[in-house]
Amino acid sequence: MLLDTAALDEALRSLDSVQLAKVSGRLVRVSGLILESLGCQQQTGQRCYIEQADGSLLEAQVVGFNRDITYLMPFKKPLGLATGARVFPIRDEARLRIDDSWLGRVLNALGEPLDTLGKLTGEVPLPPSPAPIHPLRRRPVEEPLDVGVRAINAMLTLGKGQRVGLFAGSGVGKSVLLGMITRQTKADVVVVGLIGERGREVQEFLLHSLGEEGLRKAVVVVAPANESPLMRLKAADLCHSIAAYFRDQGKDVLLLVDSLTRYAMAQREIALALGEPPATKGYPPSVFGMLPELVESAGNGEAATGSLSAIYTVLAEGDDQQDPIVDCARAILDGHIVLSRKLAENGHYPAIDIGASVSRCMPQVSEPAHRGAARQLKELYSTYEKIRELIPLGGYVPGMDAKTDRAVQLAPNIERFLRQETSQEADLASSVASLQQLLGNRG
């Protein structure tokens with residue numbers, strides 16, 4: 001029998017791609033969130049598989065090392081780990097690919113679908129985190145952003161490309177206001193990151209805040225509170241990458257992250273598990289380095305078209321506005337909208353404290369007459385708040401001060417102006433016109 005030399009050569013060449021040995025390490029210790037392995041070299045950020053007791057593979061990521069010991073953190077809850085379990089490093093990680101087919105989808109931090117619409121596919125590779133933008137090439141904020149909320153449009157006007165925080169304690173209407181903004185903001189694409197919140201709120205947000213029509217132009221990334229801290233970090237990075245992709249396609253994008261505080265808490269869990277020393281109120285220094293890095297990936301890009309406006313909720317624990325995460329977020333964001341528990345307890349919704357809130361981009365996106373009217377209303381609001389408790393006690397005497405008299409006279413109208421039903425929409429033009437009308441100014 002004659003041997004086909006060409007076929008033999010082809011067969012021998014094919015052996016080059018055959019993996020003769022599978023490199024693996026072994027699991028040597030499990031301590032809380034951290035798994036320790038020995039026996040194979042891995043890089044920080046690299047993923048790997050760990051054999052579990054039932055034979056399935058648990059996916060984990062390298063989060064640190066100490067000499068020969070590699071520290072791993074699993075993405076999902078282990079089903080059973082044993083000493084000496086094999087650890088297989090993943091050499092060629094498959095990257096997610098994205099296009100417009102992602103619109104209308106709900107997914108987890110790994111890009112796996114949580115809905116019933118099948119696997120997510122696309123044409124363009126999606127980086128794990130957005131590329132940094134050179135500060136001198138970033139397009140400035142120059143156009144107003146209509147969010148459909150009268151108190152924000154008139155008093156705290158936002159701009160396309162601005163990054164702003166919703167600061168509040170628990171139970172004062174933070175999620176409800178976020179839902180109003182989600183439904184009513186004029187944007188081509190809405191990217192929502194539900195990070196570390198209650199799992200119950202996911203379905204409610206999809207049904208009541210987004211709705212069927214809103215979901216068609218949205219991508220929702222979910223990592224509820226029962227997920228691992230690594231999944232919560234990954235979910236925040238993923239929603240920023242998705243938003244940056246659509247921005248670079250020339251679209252106006254609204255990014256909503258609920259919440260920035262849970263992202264910081266996830267990093268705190270990981271850092272403390274790795275032995276990083278706690279600094280301010282238990283938060284290690286790495287947290288205060290990661291927050292600005294995340295926020296700076298939002299905002300406008302270098303292109304002449306497309307924008308990325310971001311709204312982050314920030315939980316003020318115990319209504320403490322000096323909480324370290326609150327204080328850090330206030331410094332790195334382009335404005336803060338503070339929700340007041342006192343207003344919420346009085347049935348005033350949205351419970352926006354206009355005196356404690358500010359939009360740093362408002363001077364760039366509003367007319368001088370508009371800004372003057374907003375300052376005038378703030379002054380009247382502040383004057384009335386100073387004497388509100390004295391009025392029932394007879395401490396206020398009409399006619400003693402003209403500015404105080406006007407503040408008291410307009411107080412009921414100001415309160416009505418700042419209130420808004422969740423189903424009501426107030427566009428930017430009508431909000432500014434109502435402000436001018438309230439103060440008796442000509443438009």
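**Charged side chains and their partners**

Modeller: With a relative accessibility of 21%, R138 counts as partly exposed, a class between buried (under 20% relative accessible area) and exposed (over 50%), computed with a 1.4 Å probe on protein chains only. The model is predicted, so local features need pLDDT of at least 70 and side-chain atom pairs count only at pLDDT 80 or more, whereas totals for chains, interfaces and linings use all residues. Residues are numbered from 1 along each chain as its sequence is written, and side-chain values use heavy atoms, with hydrogens and water left out.

The partner of R138 is E296, and the closest N and O atoms of this salt bridge are 3.8 Å apart; the term requires a side-chain nitrogen of Lys or Arg within 4 Å of a carboxyl oxygen of Asp or Glu. Because E296 belongs to helix 7 (residues 285-296) and R138 to the loop between strand 9 (124-125) and strand 10 (144-145), the pair ties together parts 158 residues apart in sequence. Helices (H or I, at least four residues) and strands (E, at least two) are DSSP runs, numbered from the N terminus. E296 is also partly exposed, at 40%. Both residues take part in a network of salt bridges that links R138, R163, E296 and D334.

The whole structure holds 23 salt bridges. One of them joins E204 and R200, with the closest N and O atoms 2.7 Å apart; these residues lie four apart in helix 4 (residues 200-216), about one helical turn. Another joins E379 and K403 at 3.3 Å, N to O. Here E379 of helix 11 (residues 368-387) meets K403 of helix 12 (residues 402-418), so parts 24 residues apart in sequence are tied together.

Charged groups also meet rings. The charged end of R268 sits over the ring of Y283, 4.3 Å from its centre, and R150 lies over the face of F417, at 5.7 Å from the ring centre. For this contact, NZ of Lys or CZ of Arg must be within 6 Å of the ring centre and within 35 degrees of the ring normal. Y283 is buried, at 2% relative accessibility.
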